[in-house]
Amino acid sequence: MAPSHADVVAEMLDEAARLHAASRPAAAPAAAAAAAMTAALRSGGRVLACGNGGSAADAQHFAAELVGRFERERAALAAIALTTDTSILTALANDYAFTRIFARQVEALGRAGDVVLGISTSGASGNVLAAFEAAKAGGMTTVALTGRDGGAVGAAADIHVNVPAASTARVQEVHRTLLHAVCALIERELYA
């Protein structure tokens with residue numbers, strides 16, 4: 001007999017809870033990411049966030065939490081999701097290559113001391129890797145939020161926050177929790 005719909009939902013919640021618990025080692029690098037972002041924001045810099053698919057949505061969500069507010073009423077913080085301007089994205093993909101869609105924006109918008117957050121559940125996103133290369137060339141700090149073993153994206157980052165699981169959906173759920181934790185730490189440090 002097939003499990004009921006309620007059983008399927010309950011099992012997904014249990015899987016998410018298990019992965020959250022197994023991801024405790026990500027706490028220290030997530031705190032380091034928050035510290036790097038706080039330092040950049042405190043000195044007038046910004047956070048540039050990128051990713052593909054669901055990770056693009058997470059980049060946008062994260063930027064919205066900083067520009068708007070997370071849990072405290074406060075001044076806006078400088079964050080840009082590099083995933084939102086369809087004219088820029090399609091022009092860069094068409095005129096250069098899809099792998100350059102974030103790197104060109106990092107070159108245009110990033111400044112030394114900024115932080116580039118790259119989100120990749122596979123750790124293999126070529127356009128995120130190219131963004132990191134552009135960031136490093138421009139004197140920016142790179143933070144990777146990855147799944148699986150972190151792949152090339154994790155290996156290229158200054159700070160690597162990894163959720164070591166293969167399920168994209170479960171990794172994205174933990175990524176959202178970690179991003180919320182980073183927002184909370186940034187707000188606490190800047191607006192205690």
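Contact means heavy atoms within 4.5 Å. This is a predicted model, in which local features need pLDDT of at least 70, side-chain atom pairs count only at pLDDT 80 or more, and totals for chains, interfaces and linings use all residues. Residues are numbered from 1 along each chain as its sequence is written, and side-chain values use heavy atoms, with hydrogens and water left out.

**View 1. A56 in helix α3.** Helix α3 covers residues 54-67, and A56 is one of them. Helices (H or I, at least four residues) and strands (E, at least two) are DSSP runs, numbered from the N terminus. Leaving aside residues up to four places away in sequence, A56 touches G51 and T83. Is A56 buried or exposed? A56 is buried, because its relative accessible area is 12%. Buried means under 20% relative accessible area, exposed means over 50%, and partly exposed lies in between (1.4 Å probe, protein chains only). G118 is 62 residues from A56 along the chain, and their C-alpha atoms are separated by 9.4 Å.

**View 2. Helix α3 beside helix α8.** Two packed helices are described by the angle between their axes and the distance between the axes. Axes are lines fitted to C-alpha atoms, for helices over the stretch in contact, and angles run from 0 to 180 degrees between N-to-C directions. The α3 and α8 axes come within 10 Å and cross at roughly 20°. So α3 is roughly parallel to α8. The angle classes are these: under 35 degrees is roughly parallel, over 145 is roughly antiparallel, 65 to 115 is roughly perpendicular, and the rest is oblique. α3 passes α8 in a right-handed crossing. A crossing is right-handed if the near helix is turned clockwise from the far one by less than a right angle, and left-handed if anticlockwise. On the α3 side, the residues in contact include D58, H61 and F62; on the α8 side, they include H175, R176 and L179. By class, this contact of α3 with α8 has six nonpolar, six polar and three charged residues. Ala, Val, Leu, Ile, Met, Phe, Trp, Tyr, Cys and Pro count as nonpolar, Asp, Glu, Lys and Arg as charged, and the others, Gly among them, as polar.

**View 3. R176 in helix α8.** R176 is found in helix α8. R176 counts as partly exposed because its relative accessible area is 33%. How far apart are the C-alpha atoms of R176 and S55? They are separated by 9.5 Å, with the two residues 121 apart along the chain.

**View 4. Helix α1 crosses helix α8.** Helix α1 spans residues 5-22; its axis and that of α8 come within 10 Å and cross at roughly 55°. The two helices are therefore oblique to each other. Their crossing is right-handed. M12, E15, A16, L19 and H20 of α1 meet R170, V171, E173, V174 and T177 of α8. This contact of α1 with α8 has five nonpolar, two polar and three charged residues.

**View 5. Helix α2 crosses helix α8.** Helix α2 takes in residues 27-42, and its axis comes within 9 Å of the α8 axis, crossing at roughly 45°. That makes α2 oblique to α8. Here, too, is a right-handed crossing. Among the α2 residues in contact are A30, M37 and L41; their partners in α8 include L178, L185 and L190. The residues of the contact of α2 with α8 divide into ten nonpolar, one polar and two charged.

**View 6. E187 and its polar contacts.** E187 lies in helix α8, residues 168-190. With a relative accessible area of 1%, E187 is buried. Which side chain joins that of E187 in a polar contact of 2.8 Å? The side chain of R74 does. A polar contact is a pair of N or O atoms within 3.5 Å; within protein, one must be able to donate a hydrogen and the other to accept it, and residues adjacent in sequence count only if both atoms are side-chain atoms. A polar atom of the E187 side chain also lies 3.1 Å from the backbone nitrogen of R72. Not counting residues up to four places away in sequence, E187 touches residues including R69, F70 and A192.

View 7. T146 sits in strand β4, residues 141-147. T146 counts as buried, because its relative accessibility is 0%. Beyond four places in sequence, T146 touches residues including S120, V153, H160 and H175. R148 is in the loop between β4 and α7 (151-156). Most residues other than glycine have a negative phi. R148 is not a glycine, although its phi is positive, about 50°. R148 is partly exposed, with a relative accessible area of 40%.
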